[in-house]
Amino acid sequence: MRRTATSSLSGLILASLVAAGAPAWSQELSREDIVRQLGRFETAPALDLPALKQQTQERSRSRGRNEPPPQKRPPIAPELMNLPAFNVDIQFDVDTPIVRPESYQTVGRIADAMVYSDLLPYTFLIVGHVEANGKRESNVILSQRRADAIRDILANTFKISVKRLQSIGLGEEQLLDPSKPAAAVNQQIQIIPIAKTVEEAAPPQPPAPAATGKQGPRKRRN
C-alpha cells in the first residue's frame with residue numbers, strides 16, 4: 001500500500017486552491033494566490049478540536065454491519081467545509097509522516113503567505129487526510145502524524161509562531177473526493193484559517209499635565 005502524494009513539484013509549488021466543497025483545481029501558485037484564497041475568512045467556526053479528535057478516532061473503529069462505505073459516510077467535521085481552504089500535495093515517505101526534501105519548498109511557500117500582512121492575524125488549522133485504503137484507525141493515526149509534521153516544519157524550520165498553528169488528522173473520515181475514495185487527492189493536506197485575532201484598541205492616554213511655567217515676582221503697587 002503506497003501513501004505518497006502523486007503530483008511532483010517542479011520549481012514553483014503545484015497545489016490546488018479550493019473553497020471547501022468546490023471542485024478542486026490546480027496550477028502554479030504565488031504567495032499572493034494563497035493570500036487571496038485564505039484571506040476570505042469571515043466567521044470563526046465553533047471548533048472543539050480535542051472532542052473532534054476523539055470523535056474521529058472512535059468513528060474509525062466502527063465495525064458494524066450497517067457501516068456505510070467510504071463514499072457514503074457523512075463528513076465528520078462539516079463546519080470545516082464552509083471555510084476557505086488551501087489544499088496541497090505534500091510528498092511523504094511511504095506510510096510515514098516524513099516529508100520528502102522536495103516538498104519543503106511547498107511548505108516554505110505556505111509559510112511566506114502566513115507572514116504576509118493580510119494573514120498575519122490568523123490562526124490556522126492543518127488538516128491531514130488519507131485515502132480509503134487499509135485500516136481506518138491506522139489511517140487516522142497516520143493523518144494526524146502528517147498534520148503534526150507540517151505544523152512542526154512551519155514552526156521549527158520557517159519560524160511561524162506555534163500559537164498560530166493547530167493540527168488534526170481526519171484519516172478517511174472526511175474524504176476530499178468521496179466519489180473516488182482511493183484516489184490520491186484524498187491524501188492532500190489542508191490549510192484552513194479558523195480564527196482571527198481581534199485588534200485591541202489602544203488604551204486611552206491620560207490627559208497631559210497643565211503647563212506650569214515659572215512666574216516672575218509681582219511688582220509692588222505704589
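Residues are numbered from 1 along each chain as its sequence is written, and side-chain values use heavy atoms, with hydrogens and water left out. Because the model is predicted, local features need pLDDT of at least 70 and side-chain atom pairs count only at pLDDT 80 or more, while totals for chains, interfaces and linings use all residues.

**The whole chain**

Begin with the protein chain coloured by pLDDT, the predictor's confidence in each residue, from 0 to 100. The mean pLDDT of the chain is 82, and 76% of its residues reach 70 or more. The chain has 4 helices and 6 strands, taken as DSSP runs numbered from the N terminus (helices are H or I, at least four residues; strands are E, at least two). Along the sequence these elements follow the pattern β-β-α-α-β-α-β-α-β-β. Of the 222 residues, 43% count as buried, where buried means under 20% relative accessible area, exposed over 50% and partly exposed in between (1.4 Å probe, protein chains only).

Now select residues 1-27, where pLDDT stays under 50 although the model has 87 contacts beyond four places in sequence for them; a contact here means heavy atoms within 4.5 Å. Strand S1 (residues 14-19) has the lowest mean pLDDT among the elements, 36, whereas S5 has the highest, 98.

**Helix H3**

Next select residues 104-114, which form helix H3; 8 of its 11 residues are buried, so the helix is largely enclosed by the rest of the structure. The buried residues are Thr106, Val107, Gly108, Arg109, Ile110, Ala111, Ala113 and Met114. To see what they pack against, show helices H1 (31-38) and H4 (136-156) together with strands S3 (84-88), S4 (122-128), S5 (165-169) and S6 (189-196).

**Where H2 meets H4**

Lys53, Thr56, Gln57, Arg59 and Ser60 of H2 make the contact with Arg136, Glu137, Val140 and Gln144 of H4.

Within H2, zoom in on Ser60, which is buried with a relative accessible area of 1%. A polar atom of the Ser60 side chain lies 2.7 Å from the backbone oxygen of Gln57. Leaving aside neighbours within four places in sequence, Ser60 is in contact with Arg136, Glu137, Val140 and Glu173.

**Arg73**

Move on to Arg73, in the loop between H2 and S3, which is buried at a relative accessible area of 13%. Not counting residues up to four places away in sequence, Arg73 touches Arg59, Glu67, Pro68, Arg136, Glu172 and Glu173. The side chains of Arg73 and Glu172 make a polar contact of 2.9 Å, meaning a pair of N or O atoms within 3.5 Å; within protein, one must be able to donate a hydrogen and the other to accept it, and residues adjacent in sequence count only if both atoms are side-chain atoms.

**Two loop residues**

Finish with Asp95, in the loop between S3 and H3, and Lys159, in the loop between H4 and S5. Most residues other than glycine have a negative phi. Asp95, however, has a positive phi of about 60°, and phi of Lys159 is near 60°. Asp95 is partly exposed, with a relative accessible area of 35%, and Lys159 counts as exposed at 66%.
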